[in-house]
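Dear colleague,

I am handing over the structure below, and my notes on what was found in it follow directly after. Please read them with the structure open beside you.

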Amino acid sequence: MHKVEILNNSIAVIMSVYKNDDVEYLKLACDSILSQTVSCDLYIYRDGLVKSELQSILDEYACLSNVTLVENDVNRGLAYGLNQLIEMCVKKDYSFVARMDSDDISFLNRLSLQVNYFSSHPDVDVCGGFCEEFGASYSLKEKRLPLDHNTLKQFSISRCPFIHPSVMFRMCVLKSGVRYPTNTYYCEDLALWFDLLKKGFKLGNVNKVLLSYRMTEDTLQRRRGIKKAYSEFTLRLYYMFSLKEVTIKNFFLIISRFFFHLTPIRLMKLAYKIMR
């Protein structure tokens with residue numbers, strides 16, 4: 001497949017890797033970005049020491065001209081790592097910065113679809129898209145989200161408005177100083193979306209599936225627990241008032257999300273499909 005050169009629109013893709021990442025999954029993720037129908041640069045942050053096999057793969061990719069590897073021997077967390085890569089990207093002449101996770105697979109036209117979306121939606125500052133989930137018994141064949149800003153703003157009070165690894169930012173957003181908050185417990189992406197809304201940036205989603213999102217039977221287990229539940233609850237409650245989206249329905253939905261993170265896994269899997 002031939003590359004489509006997008007004049008005056010350069011793209012950086014940022015990804016964080018840590019010790020528990022799977023080597024084969026990482027290769028699929030990186031190759032799906034490096035094979036895009038538009039040219040892009042891939043920035044990888046190694047968050048802490050990793051096993052030798054994983055390090056070897058990272059070193060191989062680092063030899064490519066369009067891949068930059070940033071290494072930190074101390075694990076500092078996802079938000080910190082992504083912020084380090086953003087700091088590097090804002091100093092370059094990129095027009096867009098996209099997210100990617102180390103175990104997902106982007107469709108080959110993902111980046112071009114998002115750049116074209118920005119071209120036809122000049123008022124939108126950050127966009128994501130749909131995904132197909134795979135790898136778990138409760139995976140959704142297609143996960144869809146609202147498309148327009150106003151609906152996403154209302155939706156965000158009780159649900160996440162973006163599938164995180166599908167997101168692309170206009171560079172102007174990041175040059176304004178917006179960064180991933182580092183003071184939340186596994187809610188850095190949700191905290192960022194709320195921050196964007198509060199600052200007046202416009203959100204949107206491409207009406208297409210952009211990537212394959214890897215799930216495992218343990219994915220929901222990692223989302224359980226009182227710390228995660230409390231962190232998300234306080235965040236949603238604060239922004240419900242801050243964004244002037246105070247309704248009885250929203251308060252009920254926030255409470256429901258709190259208990260969702262505390263339910264047994266069997267019920268959590270059932271609720272996940274119902275609440276999609």
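Helices (H or I, at least four residues) and strands (E, at least two) are taken as DSSP runs and numbered from the N terminus. The model is a predicted one, in which local features need pLDDT of at least 70 and side-chain atom pairs count only at pLDDT 80 or more, while totals for chains, interfaces and linings use all residues. Residues are numbered from 1 along each chain as its sequence is written, and side-chain values use heavy atoms, with hydrogens and water left out.

I begin with Arg99, which is found in strand β4 (residues 96–99). Arg99 counts as buried at 0% relative accessibility, where buried means under 20% relative accessible area, exposed over 50% and partly exposed in between (1.4 Å probe, protein chains only). The side chain of Arg99 is joined to that of Asp101 by a polar contact of 2.5 Å, and a polar atom of the Arg99 side chain also lies 3.2 Å from the backbone oxygen of Ile14. A polar contact is a pair of N or O atoms within 3.5 Å; within protein, one must be able to donate a hydrogen and the other to accept it, and residues adjacent in sequence count only if both atoms are side-chain atoms.

Glu133 lies in strand β6 (residues 126–134) and is likewise buried, with a relative accessible area of 8%. A polar atom of the Glu133 side chain is 2.8 Å from the backbone nitrogen of Leu140.

Turning to the rings, the structure holds 10 aromatic pairs, counted for rings of Phe, Tyr and Trp (its six-membered ring) with centres within 6.5 Å, and called stacked for planes under 30 degrees apart, edge-to-face over 60 and tilted for the rest. One of them is the edge-to-face pair of Phe162 and Trp193, at 5.0 Å centre to centre and 80 degrees between the planes. Phe162 lies in the loop between α5 (149–156) and β7 (168–170) and Trp193 in helix α7 (residues 188–198), so this pair ties together parts that are 31 residues apart in sequence; both residues, Phe162 and Trp193, are buried. Tyr238 and Tyr239 also form an edge-to-face pair, with 4.9 Å between centres and 90 degrees between the planes. Of these two, Tyr238 is partly exposed, with a relative accessible area of 45%, whereas Tyr239 is buried at 10%.

With kind regards
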